[in-house]
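Have the structure open as you read.

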Amino acid sequence: MDGVSLIEIHGKRPRIHDSAFIAPGCRLIGDIEIGPDVSIWYNCVLRADVNFMKIGARTNIQDGSVCHVDSPRPGAPEGHPLIIGEDVLIGHLAMVHGCVLADRAFVGLGAIVMDGCAVDSDGMLAAGAMLTPGKRIGARELWGGRPAKMMRMLGDAEIAGNQIGVAHYVENGRAHRAAISG
C-alpha cells in the first residue's frame, strides 16, 4: 500500500482485509480492524491509539474524513470505541469520534458525530450537521443542524438510494485499487 501509513502503537497494529481499498495519503494508527470490501478514501486519518476501532464490510469512509476513539475517563470507564457496521456511508470531510454507526447508517459530508452517540440502521445525519455527545438517531430518522435535531423519517427510495451508493463505492474502490497498482 504505497503512500499509506500503517502505524503500530501500544502493541496494536491495523488489521485490513485483503479486499479492502486504502487510498494513498491515509494514516491508520493502532487497534483498527477493517472488513471486506471496505474503502477508505484519499487522505483519511483513522486513529485508534487509546481504544479500538472496527469497520464492517462494504463501508466507505470518504476523502479527508477523521475517525477517532475516546479514552477511558470518569463517567466513561471503558471510554468509547468507534464501531462502524456494514454498508455504512461516511461522506467527505466527516468526523466520527467514539460512537456507534449501525449497519446502513449514513453520515453526510462534513458532519460530526461525537462521543457516545449512535446512529441506528438506516439512520442519517445530514451534511454539515453535528450530533452532540450521547445522542441517538433512530432507524430511518434524518437529523440535521448544529446541534442536530430530528427532521423527518426517510422514505424507501432514500434508503434504497443509500444502498446504491454503497455498491457504487465497493466497485469504485476496486477500480481505484487497480488504477494505483496498474
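Q: Why is Arg 140 called partly exposed?
A: Arg 140 has a relative accessibility of 28%. Buried means under 20% and exposed means over 50%, so at 28% Arg 140 counts as partly exposed. One thing to keep in mind throughout: this is a predicted model.

Q: What makes Arg 140 and Asp 156 a salt bridge?
A: Their side chains meet at 2.5 Å, N to O. The cut-off is a side-chain nitrogen of Lys or Arg within 4 Å of a carboxyl oxygen of Asp or Glu, so the pair qualifies at 2.5 Å. The two partners come from distant parts of the chain, Asp 156 in helix α1 and Arg 140 in the loop between β18 and β19, 16 residues apart.

Q: Is Asp 156 buried or exposed, and why?
A: Asp 156 stands at 60% relative accessibility. Exposed means over 50%, so Asp 156 counts as exposed.

Q: How do you know that Asp 120 and Arg 136 form a salt bridge?
A: The closest N and O atoms of Asp 120 and Arg 136 are 3.0 Å apart, and the rule asks for within 4 Å. Asp 120 lies in the loop between β15 and β16, while Arg 136 is in strand β18, so the pair ties together parts that are 16 residues apart in sequence. Arg 136 is exposed, at 52%.

Q: Why is the pair of Phe 21 and Tyr 42 called edge-to-face?
A: The ring centres of Phe 21 and Tyr 42 are 6.3 Å apart, with the planes at 70 degrees. Rings pair if their centres lie within 6.5 Å, and planes over 60 degrees apart count as edge-to-face, so both tests are passed and the pair is edge-to-face. Phe 21 lies in strand β3 and Tyr 42 in the loop between β5 and β6, so parts 21 residues apart in sequence are tied together. Phe 21 is buried at 4%, while Tyr 42 is partly exposed at 23%.

Q: What makes Trp 41 and Tyr 169 an edge-to-face pair too?
A: The centre-to-centre distance of Trp 41 and Tyr 169 is 5.6 Å, with 75 degrees between the planes. Trp 41 is in the loop between β5 and β6 and Tyr 169 in helix α1, so the pair ties together parts that are 128 residues apart in sequence. Trp 41 is buried at 3%, and Tyr 169 is buried at 15%. Ring pairs link Phe 21, Trp 41, Tyr 42 and Tyr 169 into a cluster.

Q: Which residues touch the most other members of the largest nonpolar core?
A: Ile 40, Leu 46 and Leu 101 do, in a core of 43 residues. Strand β6 gives the largest share, 4 residues. Leu 101 touches, among others, Ile 83, Val 96 and Val 119. There is also a second, separate core of 5 residues, including Met 124 and Ile 159.

Q: What makes the bond between Arg 146 and Pro 147 cis?
A: The omega angle of the peptide bond joining Arg 146 and Pro 147 is about 0 degrees. Pro 147 lies in the loop between β19 and β20.

Terms used:
Residues numbered from 1 in each chain as written. Predicted model: local features only at pLDDT ≥ 70, side-chain atom pairs only at ≥ 80, totals over all residues. Heavy atoms only, no water. Core = buried A, V, L, I, M, F, W, Y, C linked by side-chain atoms within 4.5 Å. Buried < 20%, exposed > 50% of the residue type's maximum accessible area, 1.4 Å probe, protein only. Helix = DSSP H or I, 4+ residues; strand = E, 2+ residues; numbered from the N terminus. Contact = heavy atoms within 4.5 Å. Phe/Tyr/Trp six-rings, centres within 6.5 Å; stacked < 30°, edge-to-face > 60°. Lists of a residue's contacts leave out its neighbours within four places in sequence.
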